[in-house]
Amino acid sequence: MKKSFNVNGPLPEFPRDEVRGAIAKGIQQAEEQTNMSQPPVQMKRKSKRKRKPLLYIASTAAAFSIMIGSAAYVSPTFASTLSQLPIVGSVFSNSGLLGLKQASEQGLTSTIGEKQTINGISVTVDEVLYDESNITVGITIDSEKELSNEYFGAGIDFTINGKNPEASSGSYGEKVLSPTVRTGIATFDVKDNMPDSFEMGLVLEGKGGEKWEFTAPVKKITDIVYVPVNHHQQAEGIQLDVSEISLSPSGVALTYEATEKGTIDNAQVGASFIEFRMTDEHGKEITSHSGGGEGHFNDGQWKFSSNKSFDPISKDVQKLVITPYLMLPSDGGGVQIDSAGIETKIPYDKSALKEVKFQPFTVEIPSQQK
């Protein structure tokens, strides 16, 4: 839950825009002091308690500017550290991912800003994006002490209206801004049976036994154009069916199913390694962000399905040329889970797989996308 900071009564309404401007001005003024002959007073930045008064002073933008901009009280080191702390709503914009940046700047994300501190480690849920292919969560982590590279393990888990999803896959990555500050982005693949809106639960666990838990409302964006594809082809025993692609400011999503004969004891079939290369009519490649998937075995064959995600395309694109291919790993393995929840490790044998030549196909982009 969100917590307020009180000093002799409740805080006045927080002037977010004015404070952001004051922060930027104060940082600039503090950094300029590096060129002055008089050395600034050094300040320690390990204690969270020492930053709370700054938050209170920030309730008046002018007072905050004076505090940060005063050369006699703030060192360039402190100013540099402060400048690294992301403002709520900035993780996606600074991620380097075109789709997230564009969605955030166009107001398609949900800005959360909820913060929890455990054992001197503060985790803030920055913003959330729910589009056709993924639910993406951006977080900021600010610690009093330096953290190891894998302090948060595999990253964030999520729930839907208080329940674990039937099947889920995704990814988690971090961007280290300083030894004590980092941002993280978690991506969860969207399944066919996902509701358009729900209460999402988020859980992040640390190596020290910490457990940060959040809840946030999530709603799928509506700025999505669906383009039927209905492309079907067979290659080396693999039946590939691409039903549609969707276009939005956050990216392109491609929906497909692939089936191949096999046995229940071996999910290591070519259909499970399908990826797609996408270019526009000028040959410019649209960056792929892959995407997880799920597989089911029934009546002697495996069926795999997924939404593959790509960068957004520009409005002048008229055609997309899509080429399926197999991305065969050099090593790896997997885990098979039966109906009783018992896990069985599946070794990877590359010699049992072979390259497959698929045919490229073209998708016309509708005029409303241009």
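In the predicted model described here, pLDDT (the predictor's confidence in each residue, from 0 to 100) stays under 50 over residues 22-83, for which the model has 68 contacts beyond four places in sequence. A contact here means heavy atoms within 4.5 Å. Residues 1-20 likewise keep a pLDDT under 50, with 22 contacts beyond four places in sequence. Where pLDDT is low, the predicted coordinates should not be read in detail. The average pLDDT of the protein is 77, and 69% of the residues score at least 70. Confidence is lowest in helix α2 (residues 52-57), with a mean of 30, and highest in strand β13 (residues 285-286), at 97.

Residues are numbered from 1 along each chain as its sequence is written. Because the model is predicted, local features need pLDDT of at least 70 and side-chain atom pairs count only at pLDDT 80 or more, while totals for chains, interfaces and linings use all residues; side-chain values use heavy atoms, with hydrogens and water left out.

The protein contains five helices and 19 strands; helices (H or I, at least four residues) and strands (E, at least two) are DSSP runs, numbered from the N terminus. Of its 370 residues, 44% count as buried, where buried means under 20% relative accessible area, exposed over 50%, and partly exposed in between (1.4 Å probe, protein chains only). Among the contacts with a separation of 6 or more, 64% are between residues 24 or more positions apart.

Strand β2 (residues 121-130) has 10 of its 10 residues buried, so it is largely enclosed by the rest of the structure. Its pairing with strand β1 (residues 110-118) is antiparallel and has seven bridges; two strands pair if DSSP finds at least two bridges between them. β1 and β2 form a hairpin with two residues between them, and asparagine 119 in the turn has a positive phi of about 50°. β2 also pairs with strand β3 (residues 134-143), in the antiparallel sense and over nine bridges. These two strands, β2 and β3, form a hairpin with three residues between them. Glutamate 127 stands opposite glycine 138 in β3.

Threonine 124 lies in strand β2 and is the bridge partner of lysine 115. At 12% relative accessibility, threonine 124 counts as buried. Residues up to four places away in sequence aside, threonine 124 touches Gly113, Glu114, Lys115, Gly138, Ile139 and Thr140.

One cavity of 30 Å³ or more is present in the structure. On a 1 Å grid over the protein atoms alone, a cavity is a set of points where a 1.4 Å probe fits but cannot get out, and lining residues have an atom within 4 Å of a point. Grid points are joined across faces, edges and corners, and a volume is the space filled by probe spheres set on the points. The volume of the largest cavity is about 40 Å³. Its lining consists of Val123, Val125, Ile139, Ile156, Leu202, Val203, Leu204, Trp212 and Phe214. At least two lining residues come from each of β2, β7 (197-205) and β8 (211-219), and β7 gives the most, with three residues. The lining has nine nonpolar, no polar and no charged residues; Ala, Val, Leu, Ile, Met, Phe, Trp, Tyr, Cys and Pro count as nonpolar, Asp, Glu, Lys and Arg as charged, and the others, Gly among them, as polar.

Threonine 259 is placed in strand β11 (residues 251-261) and is buried, with a relative accessible area of 12%. Beyond its neighbours within four places in sequence, threonine 259 is in contact with Gly237, Ile238, Gln239, Ala271, Gln301, Trp302 and Lys303. Threonine 259 and glutamine 234 are 25 residues apart in sequence and 9.6 Å apart in space, C-alpha to C-alpha.

An open sheet is formed by four strands in the order β13-β12-β16-β19, with antiparallel pairing. β13 and β19 (361-364) stand at the edges, each with a single partner strand, so one side of each is left without a neighbour in the sheet. Strand β16 (residues 319-326) is joined to β19 by four bridges, and lysine 319 stands opposite glutamate 364 in β19.

Most residues other than glycine have a negative phi. Asparagine 161, in the loop between β4 (157-160) and β5 (170-176), has a positive phi near 50°. Aspartate 299, in the loop between β14 (293-298) and β15 (301-310), has a positive phi of about 55°. At 72% relative accessibility, aspartate 299 counts as exposed.

Definitions and conventions:
On a 1 Å grid over the protein atoms alone, a cavity is a set of points where a 1.4 Å probe fits but cannot get out, and a pocket is an open set with protein on both sides within 12 Å along at least five of seven lines; lining residues have an atom within 4 Å of a point.
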